[in-house]
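Biologist: Let us go through this model together. Keep the answers brisk, please.

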Amino acid sequence: MKKIKRIVILCLTTVLFIPFNIKGQTTDCSSNYEKALLLYNRGMSDSALRILQPCLENKRNLNNLSDRTKGRIFRLAALSSIMTDNPVDAEKYVRQMLEYQHNYKNSINEGDLMEFRLMLDRVTAIPSLKVCFTGGIQIPFSNITKQYSNYQALAESSELNSGIGYLFGISIETMVAKRLSIEIGAETGSNNFQYLIKNAYGGQFTYHQSIKSIEIPLIGRYYLTCNRFRPYLAGGIDGRFFINSSDKSSTYGKYWLSNDSGGDKILTTFISDFEYLKIVAGAGAIYDLKKYSFRLDVKYNQSLNNKSMISRFDNIGGYSDISPTEKFYYTDNINLISYRNLSISFGLIYNLRYKVF
Amino acid sequence: MIVYSKSIGQLNISELDTARKDKLPTLKTLRTVNLPLKSMLRSLSFDKQSKKLACGTIDGNVFLFDDIESEPSGQKLIYNHNNNRVLCLAFVPGKNWLISSSTDDTIHIWDLAQGRTIRKLPVGEPVRKFVLIGKDHLIYTNSTGNIFSLDLNNIDKQPSIVYSGNEHQSFQTLAYNSSLHWLMVSRSGTLSVFSINPEDVSIISSNQFTMKHESQVYQAGFSPDDNWLVTAGPDAIMLWDLHDASDQDIEKLVPIVIDNNRQIFSIAFDEQSRYLFAGDDKTLHIYPLDIKDVYTRLRYKMGEKELTLQEWNYYVKGNLVRPDRN
């Protein structure tokens, strides 16, 4: 019994002291690459491929290697496949090479075969997932749908001028096809207006108004080329949430109050568009660097007229038609405006992932 | 006339300019011919009698030029190897046939007079190179190291094995010398020579060169006058002088070694067997076979000065270290 006990203890001790770094059989792909390169240079492409096979078949064997070495392994596999008259495999390896060395086309190796170059021409590594930080300006194009003035501010002439506002945003873009991408983002920006009134009594006063919003654009992009410099056309929808403090009338909807530059007149502004949605169309261009890209984007944002909102003012000819219970009844001017804008932004893009098309 | 392709979908028709006695010959392009389809060429064959030229592309097309020397050359696409690359092409003298092999694992026999395929022989694996022994036999090898013969007088008959490889190692290329009746095959760096009876394509004896190449030999060929054998691998291009060769002293042959460090895709001699052409991925190299002539020209070029060993190696043997000539 004592003997059995001793054997069991001995076995347990042995098990406990077995090193825990025992792993499954792994292949040193870096050394395999060196051997395969030597064979390839001696014209033994079959043998080179055989040596590379464990690395090509099981990507776990490539885990500890740099992207550059992984790319070299697939390049050599592609060249060897061409030499052994297997263009299907060669093209597959060229694609895999580009996944690791997406800029390979810009630094083609002297020893690359012409057929390899042809295959390279047929495929493109494009950033497939990217984060973009944007900053730019917004130029509003607004027009007054309706306007009212009280007897003191009675407007003889009025002008609505646009001022340049800012725009900042962050977005994520993913490629859904070789030339097609979808982007979702979050932007904040301001649209600035200047409303100039010359009243019937020779007075002149100016309202400066800034409407700020947070926007959630959902944009589809079609890239016209697949090169480093890629112009594109874009279109989509934009969810909009105004963040200026506003008031709300149960009859007429949301409005903003703003003082004139002298401080004694008040303007009420209603927006005659759908508040939460607008459509977007634009164009721009991207220039890819190694890990980053730059983007210049021009977008035209078209708000959609909200007819039900406008119809609320159908029977309003002047202040006398507004109920004195409305808070804005006591303001000097009332504007019903529709606005659209042009945004020009510059983006710095960080490319998270590449896909070979 | 030298026909080669250096651009996709294009053939260059050139000639060798040997007019200047004091200079090495240069290649003078006469014209370029665009193929009907833009594709990369893989194989070429020229029929001296009919002036017809055939070329095969990497996407399986076989083009025929009625007369490459005239303009227009009358090029047309005659068939396609199921979009698989055309590996080897040859006109059969006296039969008016064009034969091609491809990675679609077939050998295709096209009758030029009838303008149709008369035999599509499935061979189980790609035949990278075949040779014709006269107009009656086509010889090819496969990955088992066997050598097969197809009787061109009875093309419906299955090919017969003329040599059974017992090492299960494939031959990379083969060439036939019609004067010496030698069938040369290469396996890795080893070159083997079979003495063959051209009547019934039976092997009489086999000899082996001592292994000279350090790499696999993918290209080999005999010169039209059968006095030279060239073998090419990424390590070197070797020229074997066969002027006094006979079956007995094969092992004693010593090649002229031309340094090389690129994959060689094609190798050919000119009609007079005066120049050797070797095409790598980018360049067509021309090597004069008459070394004495080259030496004389070089001496003339150098102002009658004797060449140093380094200069000799650089200009004649292809050593890429440029000599310092102060």
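Biologist: How many residues does the contact take from chain A and from chain B?
Modeller: A caution comes before the count: this is a predicted model. On the side of chain A that touches chain B, helix α6 (residues 114-122) of chain A gives the largest share, three residues. That side divides into six nonpolar, two polar and three charged residues. The contact takes 15 residues from chain B and, from chain A, 11 residues.

Biologist: Is B:Arg85 buried or exposed?
Modeller: B:Arg85 is found in the loop between β7 (75-80) and β8 (86-92) of chain B. The cut-off for burial is 20 or more other C-beta atoms within 10 Å. B:Arg85 has 25 C-beta neighbours inside 10 Å, so this residue counts as buried.

Biologist: Which residues of chain A does B:Arg85 touch?
Modeller: Residues up to four places away in sequence are not counted here. Within chain B, the partners are B:Arg42, B:Ile58, B:Gly60, B:Ser102 and B:Thr103.

Biologist: What distance separates the C-alpha atoms of B:Arg85 and B:Ile58?
Modeller: Along the chain, the two are 27 residues apart. Their C-alpha atoms are separated by 3.9 Å.

Biologist: Which are the edge strands of the open sheet of four strands in chain B?
Modeller: The order is β20-β21-β22-β23 (chain B), with antiparallel pairing. From one strand to the next, the twist averages 15°. An edge strand pairs on one side only, and that holds for β20 (219-222) and β23 (256-259) of chain B.

Biologist: Which residue in β23(B) stands opposite B:Met238?
Modeller: Strand β22 (residues 236-241) of chain B runs antiparallel to β23(B). Four bridges join the two. Opposite B:Met238 stands B:Val257.

Biologist: What radius of gyration does chain B have, and what would a compact globule have?
Modeller: The C-alpha atoms of chain B fill a box of roughly 65 × 50 × 30 Å along the principal axes. With 326 residues, a compact globule would have a radius of gyration near 20 Å. Chain B agrees with that, because its own value is 20 Å.

Biologist: In chain B, what share of contacts between residues at least 6 apart in sequence join residues at least 24 apart?
Modeller: Chain B has two helices and 26 strands. Buried residues make up 38% of its 326 residues. Of the contacts you ask about, those joining residues at least 24 apart make up 41%.

How values were computed
Residues are numbered from 1 along each chain as its sequence is written. Chains are lettered from A and ligands numbered from 1 in the order in which they are written. This is a predicted model: local features need pLDDT of at least 70, side-chain atom pairs count only at pLDDT 80 or more; totals for chains, interfaces and linings use all residues. The radius of gyration is taken over C-alpha atoms; the globule rule is 2.2 Å times the number of residues to the power 0.38. A residue is buried if 20 or more other C-beta atoms lie within 10 Å of its own, exposed if 12 or fewer, and partly exposed in between; C-beta atoms are placed from the backbone. Two residues are in contact if their C-beta atoms, placed from the backbone, lie within 7 Å. Two strands pair if DSSP finds at least two bridges between them. Axes are lines fitted to C-alpha atoms, for helices over the stretch in contact, and angles run from 0 to 180 degrees between N-to-C directions. Ala, Val, Leu, Ile, Met, Phe, Trp, Tyr, Cys and Pro count as nonpolar, Asp, Glu, Lys and Arg as charged, and the others, Gly among them, as polar.
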